[in-house]
Amino acid sequence: MTTLKPSSTDVASTATDHAHQDHRMFGVATFLVADAMTFAGFFAAYLTFHAVNPLQPDAIYELELPLPILNTVLLLVSSATFHKAGQNLRKGANQVCRQWLMLTAVLGLAFLVSQMVEYFTLPFGLTDNLFASTFYALTGFHGLHVTLGALMILIVWWQCRTPAGRVTSENQFPLEAVELYWHFVDGIWVVLFLILYLI
Amino acid sequence: MTVSLTPEGEQHRPSLQPTGWLRYFSFSVDHKVIGLQYLVCGFLFYLIGGALAGAIRTELVSPMSDFMPRDVYNQVLTLHGTVMIFLWIVPVVNGAFGNYLIPFYVGARDMAFPRLNAVAFWLIPPAGLLLISSYFITGAAQSGWTAYPPLSTTTAASGQVIWILSVLLLGGSSIFGGINFIATVLKLRRPGLKLMQLPMYCWAMLGTSILVVLSTPVLAGTLILLSFDIVAHTGFFNPGLGGNVVVYQHLFWFYSHPAVYIMVLPAFGLVSEILPVHCRKPLFGYATMVYSIMAIVVLGLVVWAHHMFTSGTPPWMRLFFTIATAFIAVPTGIKFFNWLATLWGGRIALNSAVLFSCGFIINFVLGGITGVALAQVPFDVHVHDTYFVVAHFHYIVYGGTVFVIFASIYHWYPKVTGRMLNETLGRLHFLLTFIGFNLCFAPQHWLGLNGMPRRVAEYDPQFAFINQLSSAGALLMAISTLPFLWNVVASAFRGEIAGDNPWNALTPEWLTSSPPPVENWEGEAPLVHEPYGYGVPIDQIDLAAASGSDLWSSGK
């Protein structure tokens, strides 16, 4: 049997070439299922606390709505801008793709700034009471995801700076993986917003 | 990237990958190397966990706490449980055999994500060393492998935090492995190989990996919250600060009940590979085996609260979880009878692999029966947190899974090394293990029924004799390791040459050289439609002729 084998010497390329097809997006999706289960655990804990553990009489736990609504809009718009970036990469328009990516990253960072503003204006701290702790744990864990996502967007932005770069219309995997992740993080925020702020 | 033809005759190997013995200490991406790394690493931790068990049984020889201080006893039993579960059984029965066998079974040259695979393995040694070293640095965690608050939040914090860190790393490793197995079984199958033609171990690993991906992240999240309680003094699980202890138990058991299936489903799969080969019969009831595995996966996710019948669980919850748990006996029973039917009328070669497999069937059915008993609330309330639970659990994970691990080593050693293991030593190993195991754990049922609590270093003197009996069994188990160790080491150098297929097996890993070459086959991977087509002379089987399910459903 004659097989085509890569002649390049780096381990990275030979390692992935064992596979006949590219299954990396499947792997990313499976990982996100696992990640979703972490959030599901947190949500289940919060809802159980909500149902069976009443707020202690002297505890302060009040949330304002304007900032979180702004945050929701920021993230939803950023999902759309990321989608535009992906469309442009597939068309081979790297520079337009980069502009949309940068806009997405800026929206993500704006979300984080707005989240920090909310943290510093809230009348309770991490250890004040059970619901304060749960609030910071849930939004903090989500904020960590947004931070990582924004960093990855900037990396992809850097990688597709030239048409011959690592991320191109031929190799879209990094962009697609981050895009799926970013939509996932947005979806989690919508659930979190419903559970934490509206219920 | 440039692509070119490899020059004729030149063996292509990934560069920067050592090829000699050094590769077992390297970041190798070869699934067979990673499988063996898991196996040997896991076995070293098994020896450590065994030594810890020996310390526990030595302490329990006398009713007084005289062998070690009480807090050291707590540390030892916590380490024993954590090491055995997270560093021996889960990595070996999933990672070791899964990595070695699954690519063969799906007709692939490696796992779907080889580098992720290497990352998953290399998380384990540091996590294990971290856990063990906590004993010497600050004192290990003392709250058992369940780390229930308030035990875990009131004992020494440093050991508990290191324990959480270590378990998080191991959980990450487990999730990466699970993602890899799901992708390999579902996406990397050789063209023409249908799902219902896969060897049973693929199904077992698919089911296990689904459980890993769905439940392990919940444990990770829970432990992060627990670490907040310990480090930042939040009150998630502290009623004094308005929190709720029972929520921890729910979240913990949402992982840790499926964890039992993560430990035992792969063993089901391995036994289903071993028995047909040595009985020269097709695996009985292939389709029912597949559906049973999937039923166990689904039911396994909705039975967790049967561990919490004494935690103030409301009556409706008790009823639901009792019934759901009882239902699991149905698919498990189907598998049990299928193995018996596979043995029935077969030309059984009673070698070490089969002896250990039969030992598994006997022990597992005993553990299963006590499991159904424990699912019944009135009984469970009586024996909760007693040695009855300890006995039940060890009948499942030792009598079940560890027996299968040994059976698998006897079965696949010729493939891995190219040499046979010594049969006499193997049978001696089986005899010592089987007698030692039952002597150690069968009396613990009686201890539990009579009210001896688990996890306590001191006990009522009336239990002394039975405890000494149990400790004698543990000593026998320790001794049983010696012929095994001698066997695997000596046979690697002086064992009889095995040849490619000493058992005349039909599954794809035997249709290559022993040990297999890098990338598994010289030339194209074989397409095996009938992994269990035994009963006719091997040269008369047309591997491509009939679909496997014809054979399985006709019960030939």
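**Figure 1. The largest nonpolar core.** The largest nonpolar core holds 210 residues. Such a core is a set of buried Ala, Val, Leu, Ile, Met, Phe, Trp, Tyr and Cys residues joined through C-beta atoms within 7 Å. A residue is buried if 20 or more other C-beta atoms lie within 10 Å of its own, exposed if 12 or fewer, and partly exposed in between, with C-beta atoms placed from the backbone. Among the residues with the most contacts inside the core are B:Ile89, B:Val271 and B:Ala407. B:Val271 touches B:Trp339, B:Ser357, B:Phe360, B:Val404 and B:Ala407, leaving out residues up to four places away in sequence. Contact means C-beta atoms, placed from the backbone, within 7 Å. The model is predicted: local features need pLDDT of at least 70, side-chain atom pairs count only at pLDDT 80 or more, and totals for chains, interfaces and linings use all residues. Residues are numbered from 1 along each chain as its sequence is written, while chains are lettered from A and ligands numbered from 1 in the order in which they are written.

**Figure 2. Helices α7 and α8 of chain B.** Helix α7 spans residues 200-231 and helix α8 spans residues 245-279. Helices here are DSSP runs (H or I, at least four residues), numbered from the N terminus. The two axes come within 8 Å and cross at roughly 160 degrees. Axes are lines fitted to C-alpha atoms over the stretch in contact, and angles run from 0 to 180 degrees between N-to-C directions. The helices are therefore roughly antiparallel (angles over 145 degrees). Their contact has 22 nonpolar, 7 polar and 1 charged residues. Ala, Val, Leu, Ile, Met, Phe, Trp, Tyr, Cys and Pro count as nonpolar, Asp, Glu, Lys and Arg as charged, and the others, Gly among them, as polar.

**Figure 3. B:His411 in helix α13.** B:His411 sits in helix α13 (residues 387-417) of chain B. B:His411 counts as buried because it has 26 C-beta neighbours inside 10 Å. Beyond its neighbours within four places in sequence, B:His411 contacts B:Ile274 and B:Ala353. The C-alpha atoms of B:His411 and B:Pro502 are 9.8 Å apart, though 91 residues separate them along the chain.

**Figure 4. Two cis peptide bonds.** Most peptide bonds are trans. A cis bond joins B:Pro149 and B:Pro150, with omega about 5 degrees. B:Pro150 lies in the loop between α4 and α5 of chain B. Another cis bond joins B:Ser514 and B:Pro515, with omega about -10 degrees.

Conventions:
Contact = placed C-beta atoms within 7 Å. Parallel < 35°, antiparallel > 145°, perpendicular 65-115°, else oblique.
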